[in-house]
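Subject: Structure handover and findings

Hello,

Here is the structure I promised to pass on. Please open it alongside this note.

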Amino acid sequence: MSDTVSTPLGETWRRLLRNRSFVIGAVVVSLIVAVAVLAPLIAPHDPLRNNFRTRLQPPGEIFWFGTDHFGRDILSRILHGGRISLIIGASTVVVTGIFGTAIGAVAGFFRALDEPIMRLMDAIMAFPAILLAMAIAAVMGASVTNVVIALSIATTPHTARIVRGSVLVVREMEYVEAARALGASELRVLFRHVLVNVTGPLIVRLTYVFAIAILAEAALSFIGVGPPPPAPSFGNIIANGRDFMIVAPWITIFPGLAIIAVVLGLNLLGDGLRDVLDPRTRI
C-alpha cells in the first residue's frame, strides 16, 4: 500500500472540483463553447438565408425559436452568433491578459516607472469602460477586430492594477530577496519568481473580462458599432428585433437568454476560481 503524493497542482484541482460554483460554471461554459464550435453541424437552417414567406414565424416545430423579419431562423443565428461573441470575448481576454500583465508587472516591480504608468491607467479608468469602448469602436469603425481593440483598451487598466497590486506584495517576499542575494538578474526574478505567483488573481480577473466582453459586444452591436451584419452576433440579433418587440418578442428574448447563460456561467466560474485561488479564502 503506497502513500499518495499530494502536489500543489493536484490539491488545487481537488479544491476546484469540490467547489460547486466552479463545477457548475465550468459545465455551462463548456456546453456553450461546444455548441458554438459545432454550430455549422447542428444549426437546423442557414443563419443568413432570407425567406420572406416565413418571416416573423412564432416558435414551432420547424423553427424552434421562431424567425425574424427576414425569415431567418433565430436558433441558427444564435448558434452562429455565439461563435462570433465567444471569439470576441476570448480575443479580448488574450489581449488584455498580455498587455495588462506586462503593464502591471513593470509598474509594480520597477518603482521608478510605477507613478507615470499608473497615472496613465488612472486617466483611462476615469472613463466608464463601456462608454470608452463605444467611443473607440465608433471612431475605428464596425468590425470584429476593432471591437476587440476597443474592449481591450477599456479593460486593460483594471487588469494592470490587479497585477501591479499582486506584484507589489510578492516582490517583498523572502524568496524573492533570496533570489536577488544569489545573483539573479531583475528580469529573471520578475519572470521566474514574481509573475508565476500572481497568476491566481490574474486568472480570476480574466474570467470576468470574458463576461464583460460578451456584454459589451452585445451593447456595441446593439448601437451599430459591433460586428457588421449580416454576420450574426448576440447584440445585432437583439438589435434586429427591437422594432418588433410587440409582434415578435422571441427575436430579442432568446438571444437575451443566451447572453444571460454565457455571463452567468462565466461569473460562476470566476467565483469558483476566486474561492480556490485567492489566498485570503484558504483555511
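Below is what turned up, from the whole chain down to single residues.

**Ground rules**

This is a predicted model, so local features need pLDDT of at least 70 and side-chain atom pairs count only at pLDDT 80 or more, while totals for chains, interfaces and linings use all residues. Residues are numbered from 1 along each chain as its sequence is written, and side-chain values use heavy atoms, with hydrogens and water left out.

**The chain as a whole**

The chain has 12 helices and zero strands. Helices (H or I, at least four residues) and strands (E, at least two) are DSSP runs, numbered from the N terminus. The C-alpha atoms fill a box of roughly 75 × 60 × 25 Å along the principal axes.

Of the 283 residues, 44% are buried. Buried means under 20% relative accessible area, exposed means over 50%, and partly exposed lies in between (1.4 Å probe, protein chains only).

Take the contacts with a separation of 6 or more: residues 24 or more positions apart account for 70% of them. A contact here means heavy atoms within 4.5 Å.

The accessible surface comes to about 14900 Å², and carbon and sulfur atoms hold 69% of that. The areas come from the Shrake-Rupley method with a 1.4 Å probe; for residues, only the protein chains shown count as cover.

The chain carries 23 positive and 18 negative charges, and their mean positions are 2 Å apart. Lys and Arg count as positive, Asp and Glu as negative; His and the chain ends are not counted. Each charge is placed at NZ of Lys, CZ of Arg, CG of Asp or CD of Glu.

**A nonpolar patch**

V33, V35, V37, L38, L41 and I42 make a nonpolar surface patch of about 520 Å². Helices α2 (20–37) and α3 (39–42) are the elements that give two or more residues to the patch. The largest share, three residues, comes from α2. Patch residues have over 30% relative accessible area and no salt bridge; nonpolar side chains (Val, Leu, Ile, Met, Phe, Trp, Tyr) are joined within 5 Å, and like charges within 9 Å.

L41 sits in helix α3. L41 is exposed, because its relative accessible area is 72%.

**Salt bridges**

The whole structure holds six salt bridges. The cut-off is a side-chain nitrogen of Lys or Arg within 4 Å of a carboxyl oxygen of Asp or Glu.

One of them pairs R164 with D114, at 2.6 Å from N to O. R164 lies in helix α7 (residues 144–170) and D114 in helix α5 (residues 111–125), so the pair ties together parts that are 50 residues apart in sequence. Are the two partners buried or exposed? R164 is buried, with 18% relative accessible area. D114 is buried too, at 15%.

E115 bridges to R119, with the closest N and O atoms 2.7 Å apart. The two residues are four apart in α5, about one turn of the helix. E115 is partly exposed at 48% relative accessibility, and R119 is partly exposed at 39%.

R119 also bridges to D122, with the closest N and O atoms 2.6 Å apart. R119 and D122 are separated by about one helical turn, because they are three residues apart in α5. D122 counts as partly exposed, since its relative accessible area is 26%. Bridges with shared partners join E115, R119, D122 and R161 into one network.

F210 is in helix α10 (residues 199–222). F210 counts as buried because its relative accessibility is 19%. Which residues does F210 touch, not counting those up to four places away in sequence? They are L86, G89, A90, V93 and L266. F210 and L266 are 56 residues apart in sequence, but their C-alpha atoms are 7.3 Å apart in space.

R72 is in the loop between α3 and α4 (74–109). R72 is buried, with a relative accessible area of 6%. Leaving aside neighbours within four places in sequence, R72 is in contact with P47, L48, R49, N50, G66, T67, R77, P230 and N240.

Best wishes
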